[in-house]
Structures are given as C-alpha cells and as structure tokens.
Amino acid sequence: MLNLGDFYRGKKVLVTGADGFIGSHLTEKLIGYGALVSVYIHTPDFKNLSYLSDKIENKIIGDISDKKSIKLVYRNNSSFIFHLAEKKINVNDSVENILLTNQTNLTSTLNVLEGARRLKRGNLDRVVFLSSCAVYGSNDIPIKESDNFNPANLYGAGKVKSELSCLSYFENYGLPLSIVRPFNVYGPKQNNDTVSSFIKSALENKDIILFDGGRHTRDFIYIDDLIDALLILCYNNKSIGESFNIGTSKDISIKGLAEKIKKYTNSNSNIILEAQRQVKNVRSCCDLSKTKNTLNWHPKISIDGGLKKTIKWIKSTM
C-alpha cells in the first residue's frame with residue numbers, strides 16, 4: 001500500500017518557487033512527511049512560508065534565471081527537484097516585457113536542468129517540471145497528452161519551449177524527469193485568479209463580470225489534489241520521461257462557476273455578461289486516462305467541495 005510518509009521521510013528535496021501558491025502547499029506537505037526540504041525563492045519575504053521557516057533545511061535566495069543557480073542547484077545535492085519557479089506574464093504588459101519574461105522562464109528551466117545533470121550519478125531520483133494546460137489551447141473534446149501543442153498565448157508557447165528542453169535532457173543525458181500539465185488550479189493562498197477574484201467580489205457583493213458571456217469552460221483542480229499527484233508521481237518510476245495531465249476531466253462554464261460561488265457565499269452580487277471581449281480558448285478539459293492508469297491517481301475533491309474550502313479560507317483573510 002502506498003505510504004508517501006515512509007517514502008519521503010529523510011529524503012532531500014529541492015522546491016523552486018517554494019513561496020508561491022503551489023510551491024508553498026507542496027513544501028508544507030513535504031515537511032509534514034518528514035522530508036529534508038530546501039527552497040529556492042526569489043526574495044527572503046516568505047509570504048506563504050513564514051510559519052515553516054525554521055523547518056526548512058536550506059534557503060537559497062536569488063534569481064534562478066542567473067547562471068549562478070546552476071551551481072547552487074547541484075551543490076544542494078537533492079534527490080528530488082520540483083521546478084515550480086516562474087515569472088508570471090501579465091497580458092497587459094508590452095510585447096517586449098512578455099518576450100523577456102518568457103526568455104527568463106526558459107533560462108530558469110535550463111539552469112535547473114543543467115544543475116540536475118551535474119549532480120553525482122545515482123544521487124538524483126527525479127526532476128519534476130510544472131508545465132501547464134496552456135500548451136494545448138482549446139479543444140472541443142477532452143485533451144490527451146498525445147495531442148499536439150497548440151498554445152493560444154505566449155505563456156503557453158513559453159511552457160512548450162521549456163517542455164522541449166526537459167525532453168532533450170531526458171533523451172540526451174538520461175535525466176530522470178517527469179512533466180506535469182495542471183489544468184486550472186485553485187485553492188487557499190492563490191490571488192488574482194478567476195476563482196479567488198470571483199469569491200472576493202461575491203463576498204463584497206460587487207458585480208462579477210464575465211467576458212464572452214461566461215460561456216467558455218475550464219477544468220478546475222483543487223490544490224490538494226494537485227499536490228498529491230505531484231508526490232505520487234515521484235513514487236512511480238513508470239512516470240520517468242512522461243508527461244501527465246492533472247485535472248478532474250470535468251469542465252464547468254465560467255458562468256456556472258460564478259453562479260456556484262454566488263450561491264455558496266450567499267452573495268447579492270450581480271453576474272454581468274460582457275459580450276464585447278472574446279475568449280480564444282472556448283473549452284479546456286483534460287482526459288485523465290493516462291494519469292489514472294499510470295499513477296493510479298484520481299482527484300478526490302469536487303468543484304463544490306473545493307469552492308467551499310476556498311471561500312472559508314478567503315473569509316478568514318478578509
């Protein structure tokens with residue numbers, strides 16, 4: 001029977017982007033399992049990890065896109081590396097800034113891969129790269145890992161480049177690597193995403209504005225389910241050299257999402273259907289067949305349950 005506590009206890013793990021939304025949840029879970037966790041973060045603020053600061057083995061602070069990070073990664077000598085760090089792309093930025101951000105993210109990934117390659121042979125068990133469903137774009141049917149890349153924006157295109165770099169290191173150097181493509185992740189500690197923005201508006205009885213009439217659909221996966229999938233991934237050697245969708249295989253329209261949030265917050269907000277701005281990705285839903293069959297993993301938290309948990313957390317912070 002799978003026991004992740006036994007598996008990770010005493011293991012050396014490096015998490016890049018550890019103070020972010022996903023990274024902080026992963027770090028917390030690993031420390032809870034008794035892993036010896038090092039974190040690579042951009043600033044020493046510890047916005048999401050302050051309560052765990054004294055339990056972190058090693059704090060690496062700096063710009064992971066700097067060439068110095070290669071040495072810092074391999075000197076850390078971890079058995080497992082979860083590469084979650086990325087610079088977020090603001091769609092309102094200039095094209096020049098978006099291109100620079102994509103280049104920074106690609107460089108960061110290459111630095112981590114090169115640092116991992118230089119680790120002593122036999123010490124490294126796995127590198128996990130957190131990609132995104134944005135590599136696929138829109139599809140009328142649930143998306144499989146074997147489907148062609150078709151990113152609708154530069155963020156997705158950047159993830160494609162990083163994935164190809166990962167696969168190159170796997171093919172050429174035998175780097176034990178796995179790629180994860182989460183769909184729309186939500187939950188406590190996340191800010192300015194669709195779910196948290198809608199919840200905050202609902203709690204304040206403000207209008208919830210939906211672009212393109214809210215008809216487009218998304219596959220929302222609760223953060224706890226994603227973290228479990230990431231941890232199970234490293235336990236299973238069949239996942240080396242492979243890519244995996246992480247979602248629920250059930251999509252919901254953005255209008256339907258807003259209606260659920262309004263219901264669970266007992267809000268008087270008005271849902272405004274804005275038809276002027278078109279959404280390119282009309283449907284996004286994952287096919288979980290490969291993930292279920294290979295990892296024996298499936299999501300446990302429904303959209304209703306996840307929204308209630310997230311609403312409770314956001315209420316506690318307001």
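1. Leu167 belongs to helix H5. This is a predicted model, and in it Leu167 counts as partly exposed because its relative accessibility is 30%, which lies between the limits of 20% for buried and 50% for exposed. Between the C-alpha atoms of Leu167 and Ile246 there is a separation of 19 Å, the two residues being 79 positions apart along the chain.

2. Helix H5 spans residues 154-173 and also holds Gly158. Is Gly158 buried or exposed? With a relative accessible area of 10%, Gly158 is buried, since the term applies under 20%. The C-alpha atom of Gly158 is 28 Å from that of His298, a residue 140 positions away along the chain.

3. How many salt bridges does a search of the whole structure find? The total is 12. One of them joins the side chains of Asp6 and Arg9, with an N to O distance of 2.9 Å. Asp6 is partly exposed, at 47% relative accessibility.

4. Lys206 and Glu204 also meet through their side chains in a salt bridge, at 3.0 Å from N to O. Lys206 counts as partly exposed because its relative accessibility is 47%, and Glu204 falls in the partly exposed class with a relative accessible area of 40%.

5. Two helix pairs may be examined next. Helix H6 (residues 194-203) and helix H10 (residues 303-317) have axes that come within 10 Å and cross at roughly 60 degrees. H6 is therefore oblique to H10, as the angle falls between the limit of 35 degrees for roughly parallel and the range that starts at 65 degrees for roughly perpendicular. The crossing of H6 past H10 is right-handed.

6. The second pair consists of helix H2 (residues 21-32) and helix H7 (residues 223-235), which pack at an angle of about 60 degrees with their axes 10 Å apart. This angle makes H2 oblique to H7. H2 passes H7 in a right-handed crossing.

7. Which residues make the nonpolar surface patch of about 250 Å²? The patch is formed by Ile209, Phe211 and Ile272. Phe211 is located in strand E8, which covers residues 208-211. With a relative accessible area of 35%, Phe211 is partly exposed, and a patch member must have over 30%.

Methods:
Residues are numbered from 1 along each chain as its sequence is written. This is a predicted model: local features need pLDDT of at least 70, side-chain atom pairs count only at pLDDT 80 or more; totals for chains, interfaces and linings use all residues. Side-chain values use heavy atoms; hydrogens and water are left out. Patches are made of residues with over 30% relative accessible area and no salt bridge: like charges are joined within 9 Å, nonpolar side chains (Val, Leu, Ile, Met, Phe, Trp, Tyr) within 5 Å. Accessible areas come from the Shrake-Rupley method with a 1.4 Å probe; for residues, only the protein chains shown count as cover. A salt bridge is a side-chain nitrogen of Lys or Arg within 4 Å of a carboxyl oxygen of Asp or Glu. Helices (H or I, at least four residues) and strands (E, at least two) are DSSP runs, numbered from the N terminus. Buried means under 20% relative accessible area, exposed over 50%, partly exposed in between (1.4 Å probe, protein chains only). Axes are lines fitted to C-alpha atoms, for helices over the stretch in contact, and angles run from 0 to 180 degrees between N-to-C directions. Angles under 35 degrees count as roughly parallel, over 145 as roughly antiparallel, 65 to 115 as roughly perpendicular and the rest as oblique. A crossing is left-handed if the near helix is turned anticlockwise from the far one by less than a right angle, and right-handed if clockwise.
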